[in-house]
Amino acid sequence: MSDSYSQWVTVSYINEMSNQHTMQALSWRRLYLARAKLKASSRTSALLSGFAMVAMVEIQLDPKTPDGLLIAFSIITTLVVAVHLLALMISTCILPNIESVSNIHNIGAVQESPHDRMHWYIEMAWISSTGVGILLFLAQMAILAWVRFHGMSQNAPIASTVIIFPVLVVFVAFAVHFYRQLIAHKYERSTKGLAELESMANDLVVGSTRNNGSVQNV
């Protein structure tokens, strides 16, 4: 009985430690993913917001440009800069706290990272920079062509719009497909993880039942 009990305790301890290390590994994976998203968001937002500001400052306007076109260009440019600066601000505030933890070579240090608590802010920065921000930037390019070539050429802005519109459609289709595939992958991983936890729980129940039966027989 003592051998079976000690074996059961050993197996239970190994399973518990394995489960803890698995949870720590998953938390580290989320940390590195959050760090990568924030880095990509900050770089993309800084680049595109700079381009948008240069386009507004350096553009040469025709005095005969319609007010409606100028208002549309002003609004879309302001939205581009505002959305990307929002993503840049979130990335700049959260990224140093994650970087400071990721450089510590201790598996338990992941608990001090705010990546789980700030998950929604990180996703907001990611979507604002790589999703909404890029769509607005493409729309700005189309309006910029109409403003820039007004009174000079009618075919130039039409050609620009014809090229940008399919790009917008492809971009939206890819974004929807990408997130659907990502959600499906996360669902599969979660289902597999739950199945493994259920199997471990069943093993523990079986081991506990056998141990109780051995004690009663004694």
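Author: Let's start with a term: the bend at a residue is the angle between axes fitted to the seven residues ending there and the seven starting there. Keep in mind that this is a predicted model.

Reader: Okay, so where does H3 bend, and by what angle?

Author: Helix H3 covers residues 119–148. Its 30 residues should span 44 Å at 1.5 Å a residue, and its end C-alpha atoms are 41 Å apart, which agrees. The bend sits at Ser128, and its angle is about 40°.

Reader: Is Val132 buried, partly exposed or exposed?

Author: Val132 is found in helix H3. Buried means under 20% relative accessible area, and exposed means over 50%. Val132 comes in at 40%, so it counts as partly exposed.

Reader: Which helix gives the largest share of the nonpolar patch?

Author: The patch on the surface is formed by Ile127, Val132, Phe174, Phe178 and Tyr179, with about 430 Å² of accessible area together. H3 and H4 each supply at least two of its residues. The largest share, three residues, comes from H4.

Reader: Which residue does Glu123 form a salt bridge with?

Author: Side chains of opposite charge can pair when their charged atoms come close. Here the closest N and O atoms are 2.6 Å apart, and the partner of Glu123 is Lys37.

How values were computed. Residues are numbered from 1 along each chain as its sequence is written. This is a predicted model: local features need pLDDT of at least 70, side-chain atom pairs count only at pLDDT 80 or more; totals for chains, interfaces and linings use all residues. Side-chain values use heavy atoms; hydrogens and water are left out. Patches are made of residues with over 30% relative accessible area and no salt bridge: like charges are joined within 9 Å, nonpolar side chains (Val, Leu, Ile, Met, Phe, Trp, Tyr) within 5 Å. Accessible areas come from the Shrake-Rupley method with a 1.4 Å probe; for residues, only the protein chains shown count as cover. A salt bridge is a side-chain nitrogen of Lys or Arg within 4 Å of a carboxyl oxygen of Asp or Glu. Helices (H or I, at least four residues) and strands (E, at least two) are DSSP runs, numbered from the N terminus. Buried means under 20% relative accessible area, exposed over 50%, partly exposed in between (1.4 Å probe, protein chains only). The expected span of a helix is 1.5 Å times one less than its number of residues.
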